[in-house]
Amino acid sequence: MMKYVLLKDTTLEVSRISLGTVNYGTAVDEKSAEAQLSSFTDKGGNFIDTAHVYGDWVPGPKGRSERIIGAWLKKTGLRHKMVISTKGGHPDLTDFHTSRVTPKDIRRDLEESLLLLNTDYIDLYFYHRDNPGIPAEELLGVLEQARSEGKIRYYGCSNWPLNRIKQIRRQQFPGFVCNQIMYSLADINEYNISDKTLVLMDREIYKYHAETGMNVMAYTALAKGYFTKKAEGRSMPAQTEKWYSNPSNERILAELKQKARSLGCSISELELAFLMHQGFVTVPIVSFSYQQQLELGVKSCDLKLDRETVD
């Protein structure tokens, strides 16, 4: 059954897995997305993650993911039972070299997100990228202003380098309560990731979270299904192979297979449970292609791992 956790330094009690909606309005059509949202909430899920840019890579209306979620929230009347996180300030998809993390762009993205999501407030708002050309305190001030206006409750960062996160946490405001970062059990071939604005969990960032207890939301939490597909001998996209095919992950997969057999669970359940058993709150963001994946995601909340297994 679904389990919940209180995000540190907040009053947000969230489901142990967050529903990822990156494909809503593109690979997942509106009808399927609404069915998935309803199924997730029926099983006790209350934490939905999106971003203002999601869906903008196809022609047509902008903010497709937020539009679908907003329409579903209005239709079901469930807004006040849900914890919604969204992100703003993503670079224009035709120009990744020009930052949109500016006071003007963030205010515009936030106002548009509120409109599309059919809500007066966002529970957890993220800077989707960083802009080292603007002082940390200035960027913090933009979100503090929005918080004082009741438009956001808490805020965090996504794809920010550690030195900038530390700058923010030294300011006089409450600051970031959560870091949304690429994080899974798999070792990743960083040199094969073309988008160099993405930030991956590494030893230094992990150490920082262990020391401070700052919350984490983990995207690509299942490494794009690499371990499950590999174990089942299924084909996988070339990009997934480029990102994750390496000797280290072959060793991890062997351990996963053995431990999954001994625990009587699936590999994906074990991957998600691993993230939930860190020394700081980590909420995996999981996107589902079909119902069975959602079922396994919920089941992972019941899996208890001992320290040796996690290590």
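**View 1. Gly25 touches Arg64 and Ile68, leaving aside residues up to four places away in sequence.** Touching here is a contact, meaning heavy atoms within 4.5 Å. This is a predicted model, where local features need pLDDT of at least 70, side-chain atom pairs count only at pLDDT 80 or more, and totals for chains, interfaces and linings use all residues. Residues are numbered from 1 along each chain as its sequence is written, and side-chain values use heavy atoms, with hydrogens and water left out.

**View 2. Gly25 and Ile68 are 43 residues apart along the chain.** Their C-alpha atoms are separated by 7.2 Å.

**View 3. Gly25 sits in a loop.** Look between strand S3 (18-20) and helix H1 (30-42) to find Gly25. Helices (H or I, at least four residues) and strands (E, at least two) are DSSP runs, numbered from the N terminus. The protein chain has 12 helices and 10 strands.

**View 4. Is Gly25 buried or exposed?** Gly25 has a relative accessible area of 18%, so Gly25 counts as buried. The cut-offs are under 20% relative accessible area for buried, over 50% for exposed, and partly exposed in between (1.4 Å probe, protein chains only). Of the 311 residues of the protein chain, 56% are buried.

**View 5. Now for the contacts of the protein chain as a whole.** Take the contacts between residues at least 6 apart in sequence: 71% of them join residues at least 24 apart. Along its principal axes, the C-alpha trace spans about 50 × 40 × 40 Å.
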